[in-house]
Amino acid sequence: MTFSDFNFDPQLLEGLQSMGFVKPTPIQAQAIPLILQHTDLIACAQTGTGKTASYLLPVLQHISVSDKKHTQALILAPTRELAQQIDQQVEGLAYFAGISSIAVYGGGDGIIYEQQRRAMMEGVDIVIATPGRLIAHLASGAIKLDHLKYLVLDEADRMLDMGFYEDILRIISSLPKERQTLLFSATMPPKIRTLANTILKDPQQINIAISQPAVGISQQVYMVHDHQKVKLICSLLKAGDYKSILIFCSRKETVKDLNRTLKREGIKSEAFHSDLEQEQRETVLRAFKSRVLPVIIGTDVLSRGIDVEGISLVINFDVPPDPEDYIHRIGRTARAETTGTAITFVNEKDQRRFSFIENLISKEIPRMTLPEELGEGPVYSPTTKRPSSNGNNRNKKKKVWVKRKD
Ligand code: AMP
């Protein structure tokens, strides 16, 4: 199958060509024909599957043949990073089709708010927004969505985890009832089903099996005591020939502490977490993308928000709270069929969580030996029984851990 099979507008095909997309990914092959037929859709697919283009392309196709007088599509996303990434894809795909878009997200100063407001008042075809900021703009009258035809909820599970349920319902109450609604989510917990039942009409369903880590990733694990972690990371960073490195911590306090420690050790690093202003985040990402900055330390906010080629090493300073976040985190390396290394530190407390990750990816990750000067690490013995190893434990796991916001 190729993109020509969808009878897209030639200008959209030009956009696809300029983005280097040749063959539809599995989610695109399944979702595009359904969305082109104007049906509602609930799709279980993760970042990295090509899910963004799977809804953007048919929506852009619909808009390209319309009169473009009003805002026609609204895409809701949980974070500003994702909103910006979606906007960049719209810009690339719609470049030749002359379809306009704006990303609207919170944070920043009054100037950014005003810029967003003015851009929306001038008229725009597609609005990509985080829920909180969109509500502010709706309340100020900057944007009218009464001619809206397409609503997309991207990473819906993440939005609910972040407490946006009421905001989403409030936004939807201001939209026309006659519209096409598309809901994309990495997981399908009951609350997503409830939301889907409330806002979708006779939806079609698509399930793309959980994406496994790319084969190019060399996964490694160190069993460590907490006091060994900093020494181990310094020894790995100083000894290895890694160029662009992401370090993930589950809490922003750990991110800040580790950043200070690494700087003291002479390692060029910056922190990336939800306390940073948008401009600060962008400065850090720019420096990293241009290879001026070799190391970023971040929370999981970073794992969804970064699309950088050539990351050679990902380190999980601690085990992510949710096994699927492990896949998101390590998926930042070995992109586009290159190779990369993903190293995870597991202390005694995290052993059980780690066992769930190995269960999810149906694979034992090679255990590495600590450098001699660090002494012995803890023995691996996850205390509780593992869930069944058919890779189908995602719903059970959701009930076990309460997800932290950051
Ligand atoms: P997503 O799952 O939407 O976050 O997409 C993951 C990455 O895949 C992004 O960097 C996209 O630019 C890229 N991508 C999406 N669709 C295709 C395609 N058909 N061919 C090649 N790359 C793609």
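A crossing of two helices is called left-handed if the near helix is turned anticlockwise from the far one by less than a right angle, and right-handed if it is turned clockwise. In the structure described here, the crossing of α4 and α12 is right-handed. Helices (H or I, at least four residues) and strands (E, at least two) are DSSP runs, numbered from the N terminus. The structure is a predicted model, in which local features need pLDDT of at least 70 and side-chain atom pairs count only at pLDDT 80 or more, while totals for chains, interfaces and linings use all residues. Residues are numbered from 1 along each chain as its sequence is written, and side-chain values use heavy atoms, with hydrogens and water left out.

Helix α4 (residues 80–94) packs against α12 at an angle of about 60 degrees, and the two axes are 12 Å apart; axes are lines fitted to C-alpha atoms, for helices over the stretch in contact, and angles run from 0 to 180 degrees between N-to-C directions. That angle makes α4 oblique to α12, given that angles under 35 degrees count as roughly parallel, over 145 as roughly antiparallel, 65 to 115 as roughly perpendicular and the rest as oblique. The contact (heavy atoms within 4.5 Å) is made by Arg 80, Glu 81 and Gln 84 of α4 together with Gln 278, Arg 281 and Glu 282 of α12. By class, the residues of this contact divide into no nonpolar, 2 polar and 4 charged, where Ala, Val, Leu, Ile, Met, Phe, Trp, Tyr, Cys and Pro count as nonpolar, Asp, Glu, Lys and Arg as charged, and the others, Gly among them, as polar.

On the α14 side Pro 323, Glu 324, Tyr 326 and Ile 327 take part, and they meet Phe 356, Ile 357 and Leu 360 in α15. The contact of α14 with α15 has 6 nonpolar, no polar and 1 charged residues. Helix α14 is also mostly covered, since 8 of its 8 residues are buried, buried meaning under 20% relative accessible area, exposed over 50%, and partly exposed in between (1.4 Å probe, protein chains only). The buried residues of α14 include the charged Asp 325 and Arg 329.

The structure holds 15 salt bridges, a salt bridge being a side-chain nitrogen of Lys or Arg within 4 Å of a carboxyl oxygen of Asp or Glu. One of them joins Asp 154 to Lys 51, with the closest N and O atoms 3.0 Å apart. Asp 154 lies in the loop between β5 (150–153) and α7 (156–161), whereas Lys 51 belongs to helix α3 (residues 51–64), so this pair ties together parts that are 103 residues apart in sequence. Both Asp 154 and Lys 51 are buried. Another salt bridge is formed by Lys 191 and Asp 161, whose closest N and O atoms are 3.0 Å apart; Lys 191 is in helix α9 (residues 190–199) and Asp 161 in helix α7, 30 residues apart. Lys 191 is partly exposed, with a relative accessible area of 37%, and Asp 161 is partly exposed as well, at 29%.

In a further salt bridge, between Lys 256 and Asp 275, the closest N and O atoms are 2.8 Å apart. Lys 256 sits in helix α11 (residues 252–264) and Asp 275 in the loop between β10 (269–272) and α12 (278–289), 19 residues apart. Lys 256 counts as partly exposed at 27% relative accessibility, and so does Asp 275 at 42%. Together with Lys 252, these two residues are linked in a network of salt bridges.

Ile 27 is placed in helix α2 and counts as buried at 1% relative accessibility.

Two residues stand out by their backbone angles. Most residues other than glycine have a negative phi. Asn 7, in contrast, has a positive phi of about 55 degrees although it is not a glycine; Asn 7 is found in the segment before α1 (10–19) and is exposed, with a relative accessible area of 66%. His 38, likewise not a glycine, has a positive phi of about 70 degrees. His 38 lies in the loop between α2 (26–36) and β1 (41–44) and is partly exposed, with a relative accessible area of 48%.
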